[in-house]
Amino acid sequence: VDLLEAQGRYMRAAGYRAPSGAWLAATDLGDPRGASDDAPALLFVTQGQLRAALRDAASGALCEGQRITGVEWRDTRWQLSIEGAGDAEVDVLVGADGARSHLRTVRNGGVEQPLRHRGYRVYRGVAPAPPGLTASFQTWGHRDNQRFAAVPLLDNSWVWFATIAAGAAPPPRPQAFLLDAFSDWHAEVGALIGGTAEAAIVVDEAEALDAAADVAARAAKPCAAPLTLVGDAAHAADPVLAQGFTVALEDALTLGLQLQQAAPGDATAALRAYEAARLPRVRRLAAVSDLVQVLSQPTLPYVGAARDALLRATPQAVKEPVFHVAPHRNPNPNPNPNPNPNPNP
């Protein structure tokens with residue numbers, strides 16, 4: 001945490017805006033360092049910084065750059081075929097092989113769970129700070145799944161993302177496409193898009209598993225072998241909440257605690273307990289994702305107009321506590337699944 005705090009930046013001034021730029025709700029979360037434990041804390045770092053911190057924390061236990069070409073359960077152990085390195089045997093297999101996971105199909109007894117498209121694309125970039133911009137913001141559109149958000153990083157550059165309804169194919173010139181699509185939005189949106197090199201704009205399809213139903217079906221499916229999944233391999237969620245990395249870290253923590261408490265030789269039971277423990281979180285995440293997509297990325301103009309009018313009419317005394325309470329209301333109903341605060345390693 002200390003390393004990430006040194007590299008990242010806490011969100012302070014922030015709020016929600018209409019496409020005109022008018023603030024619908026705003027607050028200042030303050031600096032949580034040195035504050036009470038219940039102070040809201042939203043630390044922003046790049047994916048590269050987070051990956052590097054996790055890699056360093058693994059203390060050389062990672063074998064990177066090795067491709068697994070085959071997986072087979074043989075009596076009591078998993079046999080892995082590793083490209084250029086022969087075979088290896090392991091007791092427990094944890095699949096973290098992404099949204100199009102092969103190991104998810106293995107865990108499901110050969111049944112593939114396909115991704116479904118959520119109807120929009122996500123565009124991401126990093127740009128210099130536009131003049132006068134000091135507060136993080138998320139602007140909610142009125143049509144075509146449009147949304148735009150931006151937060152500052154430690155070097156005062158701003159990382160941003162935009163969403164818009166997916167056409168038949170990704171635009172060949174994403175910067176020009178976005179500048180046109182958001183041309184009538186407030187000036188900071190165009191400045192951030194225009195300040196990003198076109199080649200540096202990342203374009204992703206918004207795809208997800210039917211998370212709640214798929215994970216529930218998987219948890220109910222018998223699997224005698226010690227195999228489970230984490231991250232997008234387990235529950236690729238709608239990117240609308242930007243929760244993918246966070247939920248994967250939660251998975252890893254919950255799985256580690258379950259394995260820590262497992263009886264010797266009973267890892268499979270611990271894996272099944274982990275899957276059951278994560279199901280309520282995945283269900284809530286799916287429900288919140290659907291709600292946020294409807295509210296923040298409407299396809300019908302009157303939905304956005306009604307939303308904006310309601311937020312404008314809501315007193316600040318009602319809106320302000322939401323900013324301070326929401327960071328602590330993780331959709332995970334049981335953030336610490338370990339009943340023993342001092343488990344034996």
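pLDDT is the predictor's confidence in each residue, from 0 to 100. I began there, since this is a predicted model, where local features need pLDDT of at least 70, side-chain atom pairs count only at 80 or more, and totals for chains, interfaces and linings use all residues. I kept in mind that residues are numbered from 1 along each chain as its sequence is written, and that side-chain values use heavy atoms, with hydrogens and water left out.

**Confidence.** I found a chain average of 84, with 89% of the residues at 70 or above. Helix α5 (residues 187–194) has the highest mean, 97, and helix α6 (residues 211–220) the lowest, 66. I then checked residues 331–345: pLDDT is below 50 there, yet the stretch has 20 contacts beyond near neighbours in sequence (contact: heavy atoms within 4.5 Å).

**Overall make-up.** I noted 11 helices and 14 strands, which are DSSP runs numbered from the N terminus (helices H or I, at least four residues; strands E, at least two). Of the 345 residues, 39% are buried, meaning under 20% relative accessible area with a 1.4 Å probe, protein chains only. Among contacts between residues at least 6 apart in sequence, 71% join residues at least 24 apart.

I looked up an open, antiparallel sheet of 3 strands, in the order β5-β6-β7 (strands pair if DSSP finds at least two bridges between them). β5 (68–74) and β7 (86–90) each have a single partner strand, so one side of each lacks a neighbour in the sheet. I read an average twist of 25° from one strand to the next, with axes fitted to C-alpha atoms and angles from 0 to 180 degrees between N-to-C directions. Strand β6 (residues 77–82) is joined to β7 by 5 bridges, and S81 has D87 in β7 as its bridge partner.

Terms used
Buried < 20%, exposed > 50% of the residue type's maximum accessible area, 1.4 Å probe, protein only.
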